[in-house]
Amino acid sequence: MSLAVTTIGGAAARSDVPRLVRRHWPLLPLVATVLMLLVPVPAGDASTSGKVGPADAASLLLVLVCAVQALRGRVRSLSPLAVLVLGAPAVGLAVATATAGDPAAALPGFVRYLQVFVLVPVAVVLLVRDAGEFRVAAGCFTVLALVQGAVGVVQYVTHTGASYQGEDVRAVGTFGPGDVMGMATVVAYGLVVATAAALAPGLPRPVRRVAGGTALLLVVPLVLSFSRGAWIATAGTAVLVMLLAGIRRGVRVLLALTALGVVLVGGLGVGSAMVAERLTSITQVSSAPDQSVTDRYTMWAAAESMWRERPAVGVGLKGFPAHRDGHASLGLSSGSDTAGAGQGYVRQPLLSPHNMYLLVLGEQGLIGLIALAGGWAALLVAGVRRYAAGRAQDPYGAAGAGGPDRSDRAIRDCGLIAIGLLVWQLTDFLYADIGGPTTVLTGVIIGLAAWWALPSPAGPRAASGAAGR
């Protein structure tokens, strides 16, 4: 009898698989866009970073699937505010390209920015239909972080990482020394998702415990990345997520993360001297800055000088490298040294100011900055307001949270994750900009933030009807 029941149950489970695939197959390109960053790419310098990698190819498929589904009427509608916020960057990009000194040279930049800041976010907003699919997409960030983080820890332990202070110990994952921020970025994304899930109200306790353990594990590779920017962005985001989730829960997680850091660095000596040096250097940016900090400040000043030359439209997309030397002081070095992780010594040219806001300001002027940063600010404000309210009807049907009549409170974990990822990205943009294989994830994050912040006016029944076709 039990065997018969088991057989029937297994057959029923197998019969559900085709139905699930038919229902959720448009989500597969989104999953691939994130997880394709697990595929190692050949090492290269910054001048070849514009090549299309596996994740970029998956994002193009994502946009294509979205277009096909939209033509078939199987995506949700956008509110006027969503159209404005997500579409405004395209206008700024077009103006910056048309007014550039060499529009043909600016065209690749236009395509890249359009992909990351318009097409991919819109595709994510239109294709992610409910809270369950949102959680799948967010979970992919954690899977990516765990795998890349594990590779990074092995690199540190076996001295096969990127060169740092004369030793091949810097954890860079599969991204190589040419993109030393790649692993730190994806690990930070995963840590933010895991921390938000661990603190989110409404999730089952076992899920929160697993998420909390995952967050603790990801602290290790983040520390071993020796990335000051990622540390600052992650710490600030974690504090905000804790405040949004509740002081009591937040304090417990903060104490656990602090204890782990003390054990790793102070007790076990994991990179203690190097970590201490990096932490100290954060407070020495004005008194005794290292060459990397000097270069960064010099390039910031150069970007500001470009903006003053053409305040409305900037020097044009991809114009920073061509105008850099004419605006930078003599304190700028010729490049940064990279080596290790299977690559020989390479001198990487400095082709951007390592500040997204100043890069946009210098290349696109005030028009571009308002279109991009204004939209990001709108998403953040709308997302926090919706999370704080948490009482309106769920506009997505919340299939993953129990049905179309559940309130926003039932899917507040999605809001906490979306806000956390967006805040991390906006903080990181203060000392980093787009570039490298992980750039496409920026578009996914903006899309997830917009999914939460800008609900569909169609309501849950329209979304559910489109999903079932």
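This note goes through a predicted model point by point, from the overall fold to individual side chains.

1. Overall make-up. The protein has 17 helices and four strands. Of its 469 residues, 51% are buried. The accessible surface comes to about 19,800 Å², and carbon and sulfur atoms account for 68% of that area. Among contacts between residues at least 6 apart in sequence, 77% join residues at least 24 apart.

2. Nonpolar cores. The largest nonpolar core has 77 residues, and within this core Phe134 and Phe141 touch the most other members. Helix α7 (residues 181-199) gives the most to this core, with 13 residues. Another core, of 43 residues, lies apart from it; among its members are Leu86, Leu317, Ala450 and Leu454. In soluble globular proteins, nonpolar side chains tend to be buried together.

3. Surroundings of Phe134. Which residues are in contact with Phe134, leaving aside its neighbours within four places in sequence? They are Val128, Cys414, Ile417, Ala418, Leu448 and Trp451. One of these, Cys414, has a relative accessibility of 0% and so counts as buried.

4. Helix α2. This helix spans residues 28-35, and its buried residues are Pro29, Leu30, Val31, Thr33 and Val34. The elements that cover these buried residues include α3 (54-71), α5 (103-127), α6 and α16 (439-453).

5. Nonpolar surface patch. Val143, Leu146, Val147, Val151 and Leu217 form a nonpolar patch on the surface, with about 380 Å² of accessible area together. Helix α6 (residues 131-158) gives the most to the patch, with four residues. Val143 is found in helix α6; the relative accessible area of Val143 is 41%, so this residue is partly exposed. The threshold for a patch residue is over 30% relative accessible area, and Val143 at 41% can therefore be a member.

6. The structure holds four salt bridges. In one of them, Asp413 pairs with Arg135, the closest N and O atoms being 2.8 Å apart. The pair links distant parts of the chain: Asp413 is in helix α15 (residues 412-428) and Arg135 in helix α6, 278 residues apart. Are the two partners buried or exposed? Asp413 counts as buried, at 2% relative accessibility, whereas Arg135 is partly exposed, with a relative accessible area of 22%.

7. Salt bridge of Glu133 and Arg129. Here the closest N and O atoms are 3.0 Å apart. Glu133 is buried, with a relative accessible area of 2%. Arg129 counts as buried as well, at 9% relative accessibility. The cut-off for buried is under 20% relative accessible area, so both partners fall on the buried side.

8. The side chains of Glu304 and Arg308 meet in a salt bridge (2.9 Å, N to O). Both residues lie in helix α12, four residues apart, about one turn of the helix. Glu304 counts as partly exposed, at 34% relative accessibility, while Arg308 is exposed, with a relative accessible area of 58%.

9. Positive phi values. Most residues other than glycine have a negative phi. Phe226 has a phi near 55°, which is positive in a residue other than glycine. Phe226 lies in the loop between α8 (205-224) and α9 (228-245) and counts as buried, at 0% relative accessibility. Lys318 also has a positive phi, near 65°. Lys318 is found in the loop between α12 (291-309) and α13 (320-327); with 52% relative accessibility, Lys318 counts as exposed.

10. Cysteines. How many disulfides are there? The count comes to zero. The rule asks for a pair of cysteine sulfur atoms within 2.5 Å. Among the cysteines, Cys140 counts as buried at 8% relative accessibility, and Cys414 does so at 0%.

11. Ala388 and Arg412. Ala388 has its place in helix α14 (residues 356-389) and counts as exposed, at 57% relative accessibility. Ala388 and Arg412 are 24 residues apart in sequence, and their C-alpha atoms are 9.2 Å apart in space.

Methods: Residues are numbered from 1 along each chain as its sequence is written. This is a predicted model: local features need pLDDT of at least 70, side-chain atom pairs count only at pLDDT 80 or more; totals for chains, interfaces and linings use all residues. Side-chain values use heavy atoms; hydrogens and water are left out. Patches are made of residues with over 30% relative accessible area and no salt bridge: like charges are joined within 9 Å, nonpolar side chains (Val, Leu, Ile, Met, Phe, Trp, Tyr) within 5 Å. Accessible areas come from the Shrake-Rupley method with a 1.4 Å probe; for residues, only the protein chains shown count as cover. Helices (H or I, at least four residues) and strands (E, at least two) are DSSP runs, numbered from the N terminus. Buried means under 20% relative accessible area, exposed over 50%, partly exposed in between (1.4 Å probe, protein chains only). Contact means heavy atoms within 4.5 Å. A nonpolar core is a set of buried Ala, Val, Leu, Ile, Met, Phe, Trp, Tyr and Cys residues joined through side-chain atoms within 4.5 Å.
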